[in-house]
Amino acid sequence: MAETLKVGVAGLGTVGASVLRLLAKHGDQIARSTGRSVSVTAVSARDRNKDRGFDVSGFEWFTDPVEMAEKGDIDVFVELIGGDSGPAEDSVRAALARGIHVVTANKALLARHGVALAEIAEANGACLNYEAAVAGGIPIVKTLRESMSGNGISRVYGILNGTCNYILTRMEAEGISFEDCLSDAQRLGYAEADPTFDIEGNDTAHKLVILTSLAFGTRIASDDIYLEGITSITTADIQAADELGYRIKLLGVAQQTETGIEQRVHPTMVPKNSAIAQVDGVLNAVAVDGDFVGEIVLAGPGAGGDATASAVVADVADVARGDRTPVLGMLAVDLKDYQRARMRLHEGGYYIRLSVYDRPGAFAEIAHCMGNAGISLESIVQKRHAGSEAPGKYDEDAPQPVILITYETTEVAIKEALEVIMSKGVVAEKPQMIRIENLN
Ligand SMILES: NC(=O)C1=CN([C@@H]2O[C@H](COP(=O)(O)OP(=O)(O)OC[C@H]3O[C@@H](n4cnc5c(N)ncnc54)[C@H](O)[C@@H]3O)[C@@H](O)[C@H]2O)C=CC1
Ligand SMILES: N[C@@H](CC=O)C(=O)O
Ligand code: NA
C-alpha cells in the first residue's frame with residue numbers, strides 16, 4: 001500500500017469532531033477503497049484541555065491553525081473553523097501556497113475568495129475540495145464538477161440551508177415558534193456560529209454562488225445576488241400556503257435567462273406535490289437541469305456534524321486516490337465572467353398578503369391598482385380574523401387579511417402595484433410578498 005496520507009484537522013467543533021470519529025470508525029474501509037491509509041496526525045483548536053469526548057493527546061497539537069498549515073508534517077489540511085477571513089482564510093492560503101491539499105466545509109470563505117484560492121491551488125499543484133460546503137452530505141459538488149460535465153446547464157436550484165428548512169418544517173407541522181425552532185437547530189449543531197447567516201439567507205447565498213460557478217462555468221459572483229431570508233415568514237403565511245396547495249421553502253435559484261443569469265435566494269411557495277416540497281427538516285435538495293440528462297434531483301441531510309463529515313472525508317479520500325479535478329470544474333483562467341440578469345425582470349406568480357381596512361371600496365381599489373399594473377389575479381380571498389365582526393357588518397378600524405394570488409407577471413410590476421396600494425391608505429401595514437415557483 002502507498003504511503004500514509006497525513007491529515008491535519010483545524011477546528012474541532014461540530015464537524016471537526018465528527019470527522020475524527022468517522023475516520024476512526026471507517027479508516028480501514030477508506031484505505032481499501034483508496035489504496036492508501038489515511039491518518040489524522042495533527043489538529044488545531046483553541047483549547048487543548050476541552051472535553052470533546054475523544055483523546056487528542058496522540059495528535060501533534062497546534063493552537064494556531066496557520067502554524068499547522070505552514071509547518072505541520074501533513075499532506076492534507078482540513079479547515080473546519082469557519083468564517084470568510086481571519087484564521088480560516090489565512091491558514092487555507094498558507095496550506096495551498098505550500099502545495100498542501102486543502103479540504104474545507106467553509107462556504108463563506110469560498111463564496112468570497114473561491115476563485116483566488118483556486119488560482120493559488122492551481123499554481124501550487126494542490127487540490128481544493130469542498131463537497132461539505134454545499135448542501136452538507138449531498139454529493140452535489142462532485143455531481144456538477146464531474147458527473148454533469150457533458151451537459152449544458154440551464155438551471156440549478158434547491159433547498160440549501162438545513163436550519164431554515166428545519167424551522168419552516170416545524171413551524172408548519174407543529175406550530176412551534178420561529179425562535180424555539182431556531183434554538184433547537186442551534187442545539188442540534190445545524191446553525192452557523194452566527195445564525196443570522198442562516199435565517200437571513202446569506203448561507204444559502206454562499207452555497208448558491210458556488211453552484212452557479214460550477215453549473216455555468218462562471219467566476220463566483222457573490223455580490224450579484226438577490227437575497228431575502230425567512231424572518232418575515234409568519235404562521236399566517238404558512239397556513240395560507242397550505243390552504244392554497246403550497247409549502248414555503250427557502251430556495252436558492254440560479255437560472256439562465258435571455259439577459260443573463262438570475263441568482264436569487266428567497267422564501268418560495270412550491271406546489272405541495274412537487275419533489276422539493278417533500279423535503280423536510282434538516283434535509284436539503286438540489287435540482288439541476290441538464291440539456292442531455294434532463295432534470296436530476298439529489299436530496300439528503302444538509303447539515304449536522306456526521307452528515308457533513310461524510311462529505312469532508314469523501315474529499316480527503318479523493319486526494320488519497322490522486323483525483324485532481326480542477327477546483328471549479330475547469331481552470332480558473334477559463335471561467336467566464338458572470339453576467340447578471342436583473343431581478344426586476346424576473347417573471348413568476350406571486351402570493352400577496354395584505355392587511356386591508358374593512359372599508360367599502362377597499363377591495364375594488366386593490367383590484368384596480370393590480371389591473372393598472374397589468375397584473376391578473378388568479379384568486380383573491382378575504383380571511384376574517386377570529387372574533388371580528390360577523391359578515392354583513394364591517395369595522396373600519398380592524399384590518400382584515402386578504403390573500404391575492406397573481407398569474408405570471410414581472411417583479412417590477414408587482415413592486416410598483418404594491419407601492420401604489422400602500423399610497424392609497426387601504427392597507428394597515430407593508431404587504432407580504434412571496435414568489436411562487438411552479439416546480440414539478
Ligand atoms: N455544522 C454544520 O452542519 C455544517 C457546518 N459547515 C461548515 O463547517 C465549518 C465548521 O462548522 P461547525 O463545526 O459547525 O462550527 P463549530 O463552531 O462547531 O466549530 C468551529 C471550531 O473552530 C474552532 N476555532 C475557532 N477559531 C479557531 C482558531 N483560530 N483556531 C483553531 N480553531 C478555531 C472553534 O473553537 C470551534 O471548535 C464552518 O465553515 C461551517 O460553515 C458546513 C456544513 C454543515
Ligand atoms: N448552517 C448550515 C450548515 C450547513 O451548511 C445549514 O443549516 O445548512
Ligand atoms: Na455537499
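Mentor: Before we look at the ligands, note that a residue is near a molecule or strand if its C-beta atom, placed from the backbone, lies within 6 Å of it. This is a predicted model, in which local features need pLDDT of at least 70 and side-chain atom pairs count only at pLDDT 80 or more, while totals for chains, interfaces and linings use all residues. Residues are numbered from 1 along each chain as its sequence is written, and chains are lettered from A and ligands numbered from 1 in the order in which they are written.

Trainee: OK, which residues are around ligand 2?

Mentor: They are G136, N161, G162, T163, Y190, A191, E192, D198, D203, G302 and A303.

Trainee: And how does that shell split by class?

Mentor: Three are nonpolar, five polar and three charged, where Ala, Val, Leu, Ile, Met, Phe, Trp, Tyr, Cys and Pro count as nonpolar, Asp, Glu, Lys and Arg as charged, and the others, Gly among them, as polar.

Trainee: How many residues surround ligand 1, and which are the closest?

Mentor: There are 26, and the closest are G11, G13, G82, A105 and A303; the shell around ligand 1 holds 13 nonpolar, 11 polar and two charged residues.

Trainee: Where does ligand 1 lie relative to the domains?

Mentor: Ligand 1 lies between domain 1 (2-133) and domain 2 (140-302), because both give residues to its shell; the bounds come from an automatic or database domain assignment.

Trainee: Switching to helices, at what angle do α4 and α9 cross?

Mentor: The axes of α4 (residues 107-123) and α9 (residues 202-216) come within 8 Å and cross at roughly 50°, with axes fitted to C-alpha atoms, for helices over the stretch in contact, and angles running from 0 to 180 degrees between N-to-C directions. Helices (H or I, at least four residues) and strands (E, at least two) are DSSP runs, numbered from the N terminus.

Trainee: Which residues make that contact?

Mentor: On α4 they are K107, A108, L110, A111 and G114, and on α9 they are D203, H206, K207, V209, I210 and S213, contact meaning that C-beta atoms, placed from the backbone, lie within 7 Å. By class, this contact has five nonpolar, three polar and three charged residues.

Trainee: Last topic: how many residues of domain 2 touch domain 3?

Mentor: 12 residues of domain 2 are in contact with 11 of domain 3, and on the domain 2 side α10 (235-244) and β10 (260-271) each supply at least two residues. Strand β10 gives the most to that side, with five residues.

Definitions and conventions. Two residues are in contact if their C-beta atoms, placed from the backbone, lie within 7 Å.
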